[in-house]
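Have the viewer open and follow along.

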Amino acid sequence: MRFLFSKCAIFILQGQAVLAALSIGDLMKAVELLYGMQCFSLCAMFIESCLQLELLELTDQTCILLLIWCDICDYGADI
């Protein structure tokens, strides 16, 4: 039970870190945190939204994250 509580507490703290990164305008840090939390679909949707609103540029880093997301989707579809 203690392990489960600590795991939930860590996830909550990471979520707060994402909010902090967003509040100071560090969008790529928010993306990295979401990816690190294994929130892949949320991460991909966030990147896509930022690209549509022209908040992020399509750089090598964002391309790599989107390609990873596409690979995860393809893998999930094959299962």
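Glutamine 38 sits in the loop that links H2 to helix H3 (40-52). In this predicted model, the phi angle of glutamine 38 is positive, near 65 degrees, even though the residue is not a glycine. Glutamine 38 counts as exposed, at 59% relative accessibility, and glutamate 54 counts as exposed at 69%.

| Residue | Relative accessibility | Class |
|---|---|---|
| Lysine 29 | 39% | partly exposed |
| Glutamate 32 | 37% | partly exposed |
| Glutamine 38 | 59% | exposed |
| Glutamate 54 | 69% | exposed |

How many salt bridges does the structure hold? There is one. It joins the side chains of lysine 29 and glutamate 32, with an N to O distance of 3.9 Å; the cut-off for such a pair is 4 Å. Both residues belong to helix H2 (residues 27-36), and because they are three residues apart there, about one helical turn separates them. The general rule is that an α-helix has 3.6 residues a turn, so residues three or four places apart point the same way.

H2 has a buried set as well: Leu27, Met28, Ala30, Val31 and Leu34. These residues lie on the same side of H2, because they cover an arc of only 155 degrees around the axis.

Of its 79 residues, 22% count as buried. Among contacts with a separation of 6 or more, 36% are between residues 24 or more positions apart. The accessible surface comes to about 6,000 Å², and carbon and sulfur atoms account for 65% of that area.

A word on confidence before you use the coordinates. The mean pLDDT of the chain is 76, with 75% of the residues at 70 or more. Which helix has the highest confidence, and which the lowest? H2 is highest, at a mean of 86, while helix H4 (residues 60-78) is lowest, at 64. Where pLDDT is low, the predicted coordinates should not be read in detail.

Conventions:
Residues numbered from 1 in each chain as written. Predicted model: local features only at pLDDT ≥ 70, side-chain atom pairs only at ≥ 80, totals over all residues. Heavy atoms only, no water. Helix = DSSP H or I, 4+ residues; strand = E, 2+ residues; numbered from the N terminus. Buried < 20%, exposed > 50% of the residue type's maximum accessible area, 1.4 Å probe, protein only. Contact = heavy atoms within 4.5 Å. Areas by Shrake-Rupley, 256 points an atom, 1.4 Å probe, with all protein chains shown as cover. Arc of directions from axis to C-beta. pLDDT = per-residue confidence, 0-100.
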